[in-house]
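Reader: I have a model open and would like to go through it. Can you take my questions as they come?
Author: Go ahead.

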Amino acid sequence: EFNLYEAISINIKKYRKAANITQAELSERVGVSHEFIRRIESSKGVKTFSVDTLYKISIALNINIGQLFEFDK
């Protein structure tokens, strides 16, 4: 079963690593806790995040927000 939140979280981690940014650095740039970023990127647990948060993450990673929604089906 396809999980949109999981697909987005994989992209966040991918683009964060490509930008050579730590979870702590990303959390500072976005204005959320390090724990929040860790939870988003974790393969375990429930993920919830707003469109506003995704927008802030895309700005912090210097990517288009649409890139967070690109995934292989």
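Reader: Which residues form a nonpolar patch on the surface?
Author: F2, L4 and F69 do, and together they have about 290 Å² of accessible area. This is a predicted model.

Reader: Where does F69 lie?
Author: F69 is in the segment after α4, the helix that spans 51-60.

Reader: And why does F69 count as partly exposed?
Author: Because its relative accessible area is 37%, and partly exposed covers the range between under 20% for buried and over 50% for exposed.

Reader: What is the confidence overall?
Author: The mean pLDDT of the protein is 92, with 97% of the residues at 70 or more.

Reader: Which helix has the lowest confidence, and which the highest?
Author: The lowest is α3, with a mean of 93, and the highest is α2, at 97.

Reader: How far is V51 from K14?
Author: Their C-alpha atoms are separated by 19 Å, and the two residues are 37 residues apart along the chain.

Reader: Take S58 in α4. Why is S58 called buried?
Author: Because S58 has a relative accessible area of 1%, and the cut-off for buried is under 20%.

Reader: Which residues does S58 touch, leaving out those up to four places away in sequence?
Author: With those left out, S58 touches I63, N64, I65 and L68.

Reader: Now α3. Which residues are buried there?
Author: The buried residues of α3 are F36, I37, I40 and E41. Around the axis they cover an arc of only 130 degrees, which puts them on the same side of α3.

Reader: What covers the buried residues of α3?
Author: The cover includes α1, α2 and α4.

Reader: Backbone next. What is phi of N20?
Author: Phi of N20 is near 60 degrees, a positive value in a residue other than glycine. N20 sits in the loop between α1 and α2.

Reader: Is N20 buried or exposed?
Author: N20 counts as exposed, at 69% relative accessibility.

Reader: What about phi of N62?
Author: N62 has a positive phi of about 60 degrees, although N62 is not a glycine. N62 comes just after α4, in the segment that follows that helix.

Reader: And is N62 buried or exposed?
Author: N62 counts as exposed, with 72% relative accessibility.

Terms used. Residues numbered from 1 in each chain as written. Predicted model: local features only at pLDDT ≥ 70, side-chain atom pairs only at ≥ 80, totals over all residues. Heavy atoms only, no water. Patch = residues over 30% accessible without salt bridge, like charges linked within 9 Å, V, L, I, M, F, W, Y side chains within 5 Å. Areas by Shrake-Rupley, 256 points an atom, 1.4 Å probe, with all protein chains shown as cover. Salt bridge = Lys/Arg side-chain N within 4 Å of Asp/Glu carboxyl O. Helix = DSSP H or I, 4+ residues; strand = E, 2+ residues; numbered from the N terminus. Buried < 20%, exposed > 50% of the residue type's maximum accessible area, 1.4 Å probe, protein only. pLDDT = per-residue confidence, 0-100. Contact = heavy atoms within 4.5 Å. Arc of directions from axis to C-beta.
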